[in-house]
Amino acid sequence: MSTNIPKHAQVVIIGGGIIGCSLAYHLTRAGITDVVLLERKMLTSGTTWHAAGLVGQLRATQNMTRLAQYTSQLLKDLEKETGQPTGFVQNGSISVANNAERFEELKRGASMARVFGLEVEIITPKEAADIWPLMNASDLVGAVWLPGDGRTNPADTTQAFAKGAKQKGAAIIEGIRVTGIHQKNGQVTGVATEEGDIACEIVVNCAGMWAREVGKWAGVNIPLHAAEHFYIITETINGLQKDLPILRDPGGYAYYREEVGGLMVGFFEPKAKPWGMNGIPNDAEFIRLPEDWAHLDSVLDAMAHRMPITKEIGIHTFFNGPESFTPDDRYHLGEAPELKNFYVAAGFNSIGLQSSGGAGKVLAEWIATGHPPMDLWDVDIRRNISFQNNSRYLHDRVVEGLGLLYDMHWPFKQYQTSRGIRKSPLHDRLVKAGACFGEMAGWERANWYAPKGVEPVYKYSYGRQNWFEYSAIEHKAVRENVGLFDQTSFLNFLIQGSDAVHMLNRVCGNQIDVPVGKVVYTQLLNERGGIEADITVSRLAHDSFMIVDTCTMQTKTYHWLKSQIRAGEHVVLTDVTSAYAIISLMGPNSRALLGKLTNADLSNAAFPFGTTQEIEFAHAYARATRMTYVGELGWELYIPTEFAQHIYDALIAEGKAFDLKHCGYHALNSLRIEKGYRHWGHDMSDEDTPLEAGLGFAVKLDKEEFNGRAVLLRQKTDGVKKRLVQFAMQDAQPLLYHNEPIWRNGEIVGHITSGMFGHTIGSCIGLGYVHHKEPITADWVEAGAYEIEVAGERFPARASLNPFYDPKGLRIRV
C-alpha cells in the first residue's frame, strides 16, 4: 500500500467536488475528524469547475429553500474562517416574468420565502429595468428581487471547504481512484483503491456524474444521467457594472450575470441532449464538449430579445460541459437503503453550488446522529424505485429534466418522458373510461376522467384547471352516491412470523395485537416519536399481517421495516404489491352495489368499519377491507391480479343501475382534505409526532414499550408547540396548493402543507402546522384571526382542529 493513503478511516468520501469537500468540512464541525476524501484526479475536475457560481436561496420547496438559505449564510464567513478566498459576493438576484402565470409563480415563491424570513420584494418591470438597464423589459409583467442572493467562485469555494476540513484533521487526497466497495453482512466495511484498501465504518458517494457507477459497485441504485449543459460569455461590454445582480429569465430559459466585463448567459433549454450513454470515462477530467449552435437556436433567439446588446457584440466563449440530472430534478441524499452505512450525496441538477453548504451540513448531521436532522423527504434517496435506475429510462427522462428547472412549475404538472412503464391491470379499461393519467413512483394513475367528447389532457394554470369541474362531479358522486377508484399503486407488505405482532407493536403507535380480521390505522414511529410512515395494518391470521401504504413509500417503508427486525426475531417481510390490484368502492350506495356481486353479509353488524374479510365476489374471491380515505362508507377490494379485470367488469356492469362514476386521484385528494385526513410527505414527516399531527387517537400510550413512547408521554404532559390545523378559506376564489404562509393576528405562524378545493364545503381547504412559543391549546387556535397568503395577497380563513366535513365520523360507520 502506498504511504499516501491510510489503512483505516471512520469516514471515506468518494469525490472531490464542492459537495464532497463541503461534507468533509461539515463532518469535522460535527466532531467527526477521522475523514479521508479521495479524488481520482484534481478537486473540482468533474463538474464543479465549470459551474456558473450562482448562489440562489429560493427553491421550489420550503425544505430546499432552507438548505440553500444556509449555504448563502455560510459563504459570508467561510473565507474569514478558513483564510481561503471564495469570491463570494452578495449582489442579489432578479427573476422576471413575461406573462401573468409566470408572475403568479414568482409571487407564490415570494410568499413562501417569507415563512423563513428570506428577504424578498415583488417589483415592477420598470424597477427591474432600472437595476438591469441592458434588459429589454417591454414584455414583462413583474419581477421578484432577492437581495440576499449572490455568486461565488466554484473552485475557490471548494478549496475553502477543503482547507477548512484539513484544518480540523480531515485528509484530502487527490490522484487516487476508488475501484470498489467492500461490504459484509449488509454493511459497508471499506473501499478498494488503485493503491490498496482503506477499511472504514462509513462510505459517502459524492462522485457526481460517476455516482451511479459507484453505486453499482455496492449494489445501490442511484438514478442519474448526464446531459450537455451550455453557457456563453460575450466579448467585453463597455461600462458593464461588475456588481450587477444575477438575472433569471425563466420564460427565456436563461440566466445572465457579469463575467470578466462581459455577459455570461446560461441556458436551460426545453429539450436537452443526454450525454455519457456508454458510461463516463474513468480518466476524464475538466471535460469540454463540442459546440452545438443549432441545438440552442430557440433559446438564442430568446436571449437576443431579452438582451438586445447580444446582437451587437461577439461571443468570446461557447462552453458545453456535462452535468448530472435525476428523474425528478431533486438531488439524492442520505443512507442507501440497500447497504448500511453507505451514504449518497449526488445528482445535484445544476444547483450543486447553491445547495453545497446545506446538503453538506445535514448529511454530516445525519451521519453523526444516524437520522436526518430535518424533513429531507424531498431529496431522500429512499424515494426512488429500483426500476428508475434503468439506463433507457434515465436517458429519456434527462431530455426533459434539464429544461424543467426553468419551465413553469404548474400545480399537478406531469412528466412527458419515460411514461407508460408501470400500469395497473385495469389501465386499458380506464383509458376507455376517459382517464387522464398522472405519474407517481412510475405508476400510471387516473387523476381525473374526461366526459365523452373531451380530450383527457391537462391544460395547466394556477387557477381552476380544465379538469376542475369534472373532478367536482367525481367528488359529488362519492359524497352522494358511489364512485370507483383504482388504487392498485398502493403498496402491500406481508409481515409474517411468530414474532410479527411483537415487532409491529414495537414500531407502531397503535395497538396491533387485535383480533384476526381487524384493521388498525397507525403510524410507524422512530425513537424520536417521529412518523416514518402512515399505514393501515390488517391482521390476517395469528402470525400474519398486511401493511398498506402509499406508492411513493415502497423503498423507504420496506427497508425501514426491515431495519427494525431484531436479530433472532422470527419475522419475514415480503413485498406483495405486484400480487394485487386494488379497487375502492366509496359512497353511500357502495354497500348496495357491492351486495349485487357477493353473498357476504355487508351489514354494519356483520362487517363493521375497520375490519377485513375474504369474500366471494362475482366469480372470484377478493379481500374486502372496510376502510376509507375519503370519509364515506366504502370498501377496498384487494384482488389477485389475474382476477382484477373480471371483477372490474362485473362492477361496471352492475354499476350502471347505480350511475357509478369513475373517480381519480384529484377527487381522492379533495375528499380526504375535507375530512382532514393526512398525507405522509406533505402533512407529516419523520420530524413530526402523532400528537403534533393531530393523530393522538391512533397512539396507545398505555401499551408495551414502543418507539418514541417516552417522547410522546412527555408531549402529552407538556403539550406541543406546533400543531397541524385545518383551514377553510372564506373566499371561494383563491386556490391553495402548498407552502402558503399562515398568518395569525398579523404574524406568520406557519405554512400550508397541502391544499385542495373542497367541493362540499365550497372553498379551498388547507392543512398546515402552526407554531407558538407556548403549548398550543384548542382555545389558542380558536382565538386567533387567520389569513392565508396566496401570491402576496392575504385572504381570511377559518381554523379548526376538527374536520370541516362530518367531524364526528358518522358517515363512515353507517
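The questions and answers below concern a predicted model.

Q: Which helix gives the largest share of the lining of the second largest pocket?
A: The second largest pocket holds about 860 Å³ of space, and among the 27 residues that line this pocket, the closest to its centre are Glu335, Lys340, Trp560, Ser563 and Gln564. By class, the lining is made up of seven nonpolar, 11 polar and nine charged residues. Five of the lining residues, the largest share, come from the helix that spans residues 554–564, namely H13.

Q: Which strands stand at the edges of the open sheet of five strands?
A: The order of this open sheet is E24-E25-E26-E23-E27, with antiparallel pairing. Each edge strand has a single partner strand, so one side of each is left without a neighbour in the sheet, and the two strands concerned are E24 (519–525) and E27 (572–575).

Q: What is the bridge partner of Arg539 in E26?
A: Strand E25, which covers residues 531–541, pairs with strand E26, which covers residues 544–549, in the antiparallel sense and over five bridges. In E26, the residue that partners Arg539 is Phe545.

Q: What angle does the direction of H13 make with that of E23?
A: Helix H12 (residues 500–507) lies across E23, E24, E25 and E26, and runs at about 35° to E26. Helix H13 also packs on the sheet, where H13 touches E23, E24, E25, E26 and E27, and the angle between its direction and that of E23 is about 10°.

Q: Which residue in E36 stands opposite Phe727?
A: A closed barrel of six strands, paired antiparallel, runs E33-E36-E35-E34-E37-E38, and its twist averages 40° from one strand to the next. Opposite Phe727 stands Gly766.

Q: Is Leu67 buried or exposed?
A: Leu67 lies in helix H2, which covers residues 62–82, and beyond its neighbours within four places in sequence, Leu67 is in contact with Tyr331, Gly358, Val362, Met374 and Leu376. Because its relative accessible area is 3%, and the cut-off for this class is under 20%, Leu67 is buried.

Notes:
Residues are numbered from 1 along each chain as its sequence is written. This is a predicted model: local features need pLDDT of at least 70, side-chain atom pairs count only at pLDDT 80 or more; totals for chains, interfaces and linings use all residues. Side-chain values use heavy atoms; hydrogens and water are left out. Two strands pair if DSSP finds at least two bridges between them. Helices (H or I, at least four residues) and strands (E, at least two) are DSSP runs, numbered from the N terminus. Axes are lines fitted to C-alpha atoms, for helices over the stretch in contact, and angles run from 0 to 180 degrees between N-to-C directions. On a 1 Å grid over the protein atoms alone, a cavity is a set of points where a 1.4 Å probe fits but cannot get out, and a pocket is an open set with protein on both sides within 12 Å along at least five of seven lines; lining residues have an atom within 4 Å of a point. Grid points are joined across faces, edges and corners, and a volume is the space filled by probe spheres set on the points. Ala, Val, Leu, Ile, Met, Phe, Trp, Tyr, Cys and Pro count as nonpolar, Asp, Glu, Lys and Arg as charged, and the others, Gly among them, as polar. Buried means under 20% relative accessible area, exposed over 50%, partly exposed in between (1.4 Å probe, protein chains only). Contact means heavy atoms within 4.5 Å.
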